[in-house]
Amino acid sequence: RVAVQGLVNCLWDNLVDRAWLADFLFRLLELLTLMWWSLAWPLVGPRGAINADKPLCWAIITAGAFRDSVHLMTASVAFMLKYQGHNDNTMRGLWDPTCAANLKWVVPRSAMLVIQYMFILGSSFHLGYSELSEADQVLLAILVLMKSTMVTFMFRLCSGGTKIYAIFYSFLGGAT
């Protein structure tokens, strides 16, 4: 048991920690960009970031969608190859594409990507001086909510995030 714990700690400290931190920083940058675009209007005018910032915000949001698309496709292909590579039913059950663990990850990410691409396409017409349409404002609000939930949920993996994670779940739980 101690050997397994040492292996997990070594793997986390030397490999996973850096990958998690990079993913966390990318997602945080996306969230801050979405928040800037949606919340900057009290400072600079109604419904939108400063006009000069809109193309930069749009580019960051688009790059994040492309990154998430590649990540989702790569993970799905790897999952499928693992599933097809095993003849044993037990191992095939671990890598079954329709298992609950896979669906809990793929379905919400796919839904978020669809919403993000809808926002990207709709907002591309409003990079100048025009305001976002009502539909794009709704998509932007949904994206901010989904991305902030994702960033908060990612805190469960860092040592300082356990308190934030507990608070997050207390909001989702019923009255105690």
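Reader: In which helix is the place of Val106?

Author: The structure is a predicted model, in which local features need pLDDT of at least 70 and side-chain atom pairs count only at pLDDT 80 or more, while totals for chains, interfaces and linings use all residues. Residues are numbered from 1 along each chain as its sequence is written, and side-chain values use heavy atoms, with hydrogens and water left out. Helices are DSSP runs of H or I with at least four residues, strands are runs of E with at least two, and both are numbered from the N terminus. On that basis, Val106 belongs to helix α5.

Reader: Does Val106 count as buried or exposed?

Author: A residue is buried under 20% relative accessible area, exposed over 50%, and partly exposed in between, using a 1.4 Å probe and protein chains only. The relative accessibility of Val106 is 19%, so this residue counts as buried.

Reader: What distance separates the C-alpha atoms of Val106 and Met73?

Author: Val106 and Met73 are 33 residues apart along the chain. Their C-alpha atoms are separated by 9.8 Å.

Reader: How many helices does the chain have?

Author: From the N terminus on, the elements run α-α-α-α-α-α-α. There are 0 strands. The number of helices is 7.

Reader: Among contacts between residues at least 6 apart in sequence, what percentage join residues at least 24 apart?

Author: Contact means heavy atoms within 4.5 Å. Among the contacts in question, the share that joins residues at least 24 apart is 64%.

Reader: What is the orientation of α1 and α6 to each other?

Author: Axes are lines fitted to C-alpha atoms, for helices over the stretch in contact, and angles run from 0 to 180 degrees between N-to-C directions. The axes of α1 (residues 2-39) and α6 (residues 134-154) come within 9 Å and cross at roughly 150°. Angles under 35 degrees count as roughly parallel, over 145 as roughly antiparallel, 65 to 115 as roughly perpendicular and the rest as oblique. The helices α1 and α6 are therefore roughly antiparallel.

Reader: How do the residues of the contact of α1 with α6 divide into nonpolar, polar and charged?

Author: The contributors include Trp20, Phe24 and Trp37 of α1, together with Leu140, Leu143 and Met154 of α6. Ala, Val, Leu, Ile, Met, Phe, Trp, Tyr, Cys and Pro count as nonpolar, Asp, Glu, Lys and Arg as charged, and the others, Gly among them, as polar. The division is 13 nonpolar, 2 polar and 4 charged.

Reader: What is the orientation of α5 and α6 to each other?

Author: The axes of α5 and α6 come within 9 Å and cross at roughly 140°. These two helices are therefore oblique.

Reader: By class, which residues does the contact of α1 with α3 have?

Author: The axes of α1 and α3 come within 10 Å and cross at roughly 140°, which makes α1 oblique to α3. Among the residues that meet are Phe26, Leu34 and Trp37 in α1, and Trp58, Ile61 and His71 in α3. By class, the contact comprises 10 nonpolar, 3 polar and 6 charged residues.

Reader: Which element gives the most to the largest nonpolar core?

Author: A nonpolar core is a set of buried Ala, Val, Leu, Ile, Met, Phe, Trp, Tyr and Cys residues joined through side-chain atoms within 4.5 Å. The largest has 23 residues, of which Leu34, Trp37, Ile61, Phe119 and Leu143 touch the most other members. Two or more residues come from each of α1, α3 (54-84), α5 (100-123) and α6. With 7 residues, the element that gives the most is α6.

Reader: Which residues is Phe119 in contact with, leaving aside its neighbours within four places in sequence?

Author: Phe119 is one of the core residues that touch the most other members. With those neighbours left aside, its contacts are Trp37, Ile61, Leu132, Asp136, Leu139, Leu140 and Leu143.
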